[in-house]
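Me: Could you walk me through one part of this structure? I am new to it.

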Amino acid sequence: MTTLTPDPTLKLILGSGSPRRSELLAQIGVTPFAVRPPDINEDVRKNELPRDYVNRIAGEKAGAVDIAADEVVLCADTTVALGRRIMGKPADAAEAAQFLNALSGRRHKVITALAVKRGGRVWQKDVQTTVAMKRLSDRDIKWYLGTQDWHGKAGGYGIQGPASAFITWLNGSFHAVMGLPLPETVGLLTAAGFPVLGAVQ
């Protein structure tokens, strides 16, 4: 991966309205200059595999954000995959319950794809994490739905919230499951010439 010369005048644009991604950036000392969530069609294409899907969406998000010459944009997309089945953000509590019932007692993958754009260049990377969820009772699911934490979460759950009580095992990146794998984010921003202060290279 080609790395551009660091430019301290670059401004970071976060192409995501996710508060979790802003919080994770703050952990590495980065505060976006602006937040510009793109509005794109996130429908899954016929026979599209989960990894292909998240990489396409992250790239399309980056392409949809208008940036100035002194700006670099960071976009990401996260999905939950049960085999070839893609579980995005549930439309309502009923769909969230369907997702949780499907994930109950099984392992699944959480895939987060990153895209960083500067000028006409785009750097991309994805991170896959395997997660095991305990067998959920109807009471477990009803309780979790009542917390409202499922809103806006791929697969109908957030690992950093109340649903952490359901996760028995994880192999990969906890931060990627939250929506932003930090080492890979630092790597892409650095490649694009954005100086990530305090980052260990």
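**A strand and its neighbours**

Reply: Strands β3 and β5 (residues 107-118) pair in the antiparallel sense over nine bridges. Strands are DSSP runs of E, at least two residues, numbered from the N terminus, and two strands pair if DSSP finds at least two bridges between them. This is a predicted model, in which local features need pLDDT of at least 70 and side-chain atom pairs count only at pLDDT 80 or more, while totals for chains, interfaces and linings use all residues. Residues are numbered from 1 along each chain as its sequence is written, and side-chain values use heavy atoms, leaving out hydrogens and water.

Me: Which residue in β5 is the bridge partner of T79?

Reply: The partner of T79 is I111.

Me: What about β1, parallel or antiparallel to β3?

Reply: Strand β1 (residues 11-14) runs parallel to β3, joined by four bridges. One of its residues, K11, has E71 as bridge partner in β3.

Me: And how many residues lie between β3 and β4 in the hairpin?

Reply: Two residues lie between them, and G83 in the turn has a positive phi of about 65°. Strand β4 (residues 85-87) is antiparallel to β3, with three bridges.

Me: Why is β3 largely enclosed?

Reply: In β3 (residues 71-82), 12 of the 12 residues are buried, so the rest of the structure largely encloses the strand. Buried means under 20% relative accessible area (1.4 Å probe, protein chains only).

Me: Back to T79, what does its side chain reach?

Reply: The T79 side chain reaches the backbone oxygen of M87 at 3.4 Å. T79 itself is buried, with a relative accessible area of 0%.

Key
Buried means under 20% relative accessible area, exposed over 50%, partly exposed in between (1.4 Å probe, protein chains only). A polar contact is a pair of N or O atoms within 3.5 Å; within protein, one must be able to donate a hydrogen and the other to accept it, and residues adjacent in sequence count only if both atoms are side-chain atoms.
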